[in-house]
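Hi everyone, thanks for making time for this one. I'd like to walk you through a single structure, going from the whole chain down to a few residues.

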Amino acid sequence: MFQQIVDVQREIYLAFAGHIKAFAAGGGWAAFLAFLPMGIVFGAVHAMTPGHSKSVLATYLAGSSTKAHRALFVSLALSVTHVAMAVLIALLALPLVSNSFVDAGSSPVLEVVSRGLLGLIGIWMLLSAVFRQAHVHPEGEGLLVGFVAGLVPCPLTLFVMTFAMIHQVVVTGLLFALTMMIGVALTLSLVALLAVFFRERISHLMRTRPRLLAAASRLTGGLAGAALVGVAAVEISNWITTA
């Protein structure tokens, strides 16, 4: 299954590269715009592969009291930040790409910053689970989690943006990034809704036991915080080891 996803992703990427080349050679808008909706498919498929902070998103939502509509905002914040970071790097800091990015588009520095900030959020969630009477998450916390988790830029968006800039047709890269962001958001929104659904189902089963529900809420919040701290610690430790 994973190999099939990778194969589909490669085919769409190569097709986009071909259309960008054709457009740069004077092929006109018609063919490129006709193929552009495939960027949504590309983004959705790409988001199914490892990465994209899906586990961070699901872990946070499982341990929070975030409702479905707010969970969608969290997934949207993650998707927009994830793709927008790649666009900004390509547009504003392309000369730094060769020095800052290794291993097929990964960014160790941004990964460490992102995971470090997630670790701080995890510590805050742990303290909340231990010391708060009711595990209530302040407004805006979810959007902050989405933004921080999305700081690691999308490598494939960066590749396509760079490819478009090399061929001096930046607008095609921007349009691709926009459609890909929609696809990524669709997949991450599904992850968010599933996390909220399973959390709500468990809560429904426990509503007849309010004390048990309150304890379980604090426990899941604490476990989610511990998981975020663990992810941050592993990422930072790996970076220190390889630095």
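This is a predicted model: local features need pLDDT of at least 70, side-chain atom pairs count only at pLDDT 80 or more; totals for chains, interfaces and linings use all residues.

Of the 243 residues, 43% count as buried.

On to the fold. You'll find 11 helices and 0 strands here. Among contacts in the protein with a separation of 6 or more, 81% come from residues 24 or more positions apart.

The UniProt annotation, from an unreviewed entry, has "transmembrane region" covering residues 29-49, 70-92, 112-131, 143-167, 173-198 and 219-240. Let me pick two of these spans. Residues 70-92 are 100% helix and 0% strand, with the end C-alpha atoms 32 Å apart. Residues 143-167 are 76% helix and 0% strand, and there the end C-alpha atoms are 36 Å apart.

Now for helix α8, residues 141-149. Which of its residues are buried? They are Glu141, Gly142, Val145, Gly146, Val148 and Ala149. Looking down the axis of α8, these buried residues fall within an arc of 170°, so they line one face of the helix. As a reminder, an α-helix has 3.6 residues a turn, so residues three or four places apart point the same way.

What about the interior? The largest nonpolar core has 41 residues, and Phe16, Ile20, Phe42, Leu57, Leu61, Phe176 and Met180 are those with the most contacts inside it. At least two residues of this core come from each of α1 (2-24), α2 (29-35), α4 (54-62), α5 (68-92), α8, α9 and α10.

Let's zoom in on Leu61 from that list. Setting aside neighbours within four places in sequence, Leu61 is in contact with Thr66, Ala71, Ala192, Ala195, Val196 and Arg199.

One last stop, for those of you who like backbone torsions. Most residues other than glycine have a negative phi. Gln168, which is not a glycine, has a positive phi of about 60°. Where does Gln168 lie? It lies in the loop between α9 (155-166) and α10 (170-206). And is Gln168 buried or exposed? Gln168 is exposed, with a relative accessible area of 72%.

Happy to go back to any part of it.

Note on methods: Residues are numbered from 1 along each chain as its sequence is written. Side-chain values use heavy atoms; hydrogens and water are left out. UniProt positions are given in the numbering used here, feature names are shortened, and annotations may be inferred rather than shown by experiment. Helices (H or I, at least four residues) and strands (E, at least two) are DSSP runs, numbered from the N terminus. Buried means under 20% relative accessible area, exposed over 50%, partly exposed in between (1.4 Å probe, protein chains only). The arc is that of the directions from the helix axis to the C-beta atoms. A nonpolar core is a set of buried Ala, Val, Leu, Ile, Met, Phe, Trp, Tyr and Cys residues joined through side-chain atoms within 4.5 Å. Contact means heavy atoms within 4.5 Å.
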